Amino acid sequence: MSFQGTIEANCLSCTDGFDAPIWSFVHGGKDALLRDQAKAMECNLLLCPSCGAAFVPEAAWIYYEPDDEILAFIFPMSYKDEEVKWRDKMKADFAAMREALGDHLPVGHEPEVFFGPEGLAQLLESEDWRRDERDVMAFFAHDLKLSIYKASPAWARAHGAPSWLPYTGKVPTRDSVIAGITKIVAVNDRLTAWSDYLAKLEKDPAAVLPPAAMAAN
């Protein structure tokens, strides 16, 4: 569920003040419209009732999308000058969220920090691209009668790897994943995320399977 509050906003053009509703917590996994607004950098975009100017107020908010393990604190760009202060505040707020939400916030789900809306917009755009790639891979995996191991999306982003890994047989192991990816790239060499990850696995004999995706709530 997303949460909205009211602030006193001051127009950046005419400086008039007015009460305005803004989102303080956006659950992008449950509200597609708000997710689209965040991706378009239009979340919390206000229109001044006096002069009609559009602007984003100086207010921080949180974006959450558990399926892709995204938790992001979005601060106004002006806060960048005091980045250490606001990162410390994020850590304190995150600890309070964990205590309040318990099992509803996956353990180890570390937040991103962005100053201004651009970083989150780029992240969501990238995740949409990765989803499209996963769908294509899953189509071929089904055709080849392969199973799919769903790794942690946060881990995959951090390591430049795909989060869905095809595997042969009944149990996902390093060897069965290598066999599954080999079959996938043999029929579609444009799935470069998987061919690149296959090369990393083959280069490092000690590499093990990434952590599994955390349960989303």
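The model described here is predicted.

**Overall organisation**

The chain contains 6 helices and 9 strands. Its C-alpha atoms fill a box of roughly 65 × 35 × 30 Å along the principal axes. Of its 217 residues, 41% count as buried. When contacts between residues at least 6 apart in sequence are considered, 58% of them join residues at least 24 apart.

**The largest nonpolar core**

In soluble globular proteins, nonpolar side chains tend to be buried together. In this chain the largest nonpolar core has 19 residues, and those with the most contacts inside it are Leu165, Ile181, Trp194 and Leu201. Two or more residues of this core come from each of helix H3 (118-143), strand S9 (164-167), H5 and H6. Helix H5 gives the most, with 5 residues.

**Packing of H5 against H6**

Two packed helices are described by the angle between their axes and the distance between the axes. For helix H5 (residues 174-187) and helix H6 (residues 192-203), the axes come within 10 Å and cross at roughly 145 degrees. This crossing of H5 and H6 is left-handed. The residues that make the contact are listed by helix below.

| Helix | Residues in the contact |
|---|---|
| H5 | Arg174, Val177, Ile178, Ile181, Thr182, Val185 |
| H6 | Trp194, Ser195, Tyr197, Leu198, Leu201, Glu202 |

By class, the contact of H5 with H6 comprises 8 nonpolar, 2 polar and 2 charged residues.

**Leu201 and Trp194**

With residues up to four places away in sequence left out, Leu201 touches Arg174, Val177, Ile178, Ile181 and Ala207. Trp194 lies in helix H6. Because its relative accessibility is 1%, Trp194 counts as buried, the cut-off being under 20%. Again leaving out residues up to four places away in sequence, Trp194 touches Glu133, Arg134, Met137, Pro162, Trp164, Leu165, Pro166, Ile181 and Val185.

Terms used
Residues numbered from 1 in each chain as written. Predicted model: local features only at pLDDT ≥ 70, side-chain atom pairs only at ≥ 80, totals over all residues. Heavy atoms only, no water. Axes fitted to C-alpha atoms, helices over the stretch in contact; angles between N-to-C directions. Helix = DSSP H or I, 4+ residues; strand = E, 2+ residues; numbered from the N terminus. Left-handed = near helix turned anticlockwise from the far one by under 90°. Contact = heavy atoms within 4.5 Å. Nonpolar A, V, L, I, M, F, W, Y, C, P; charged D, E, K, R; others polar. Buried < 20%, exposed > 50% of the residue type's maximum accessible area, 1.4 Å probe, protein only. Core = buried A, V, L, I, M, F, W, Y, C linked by side-chain atoms within 4.5 Å.
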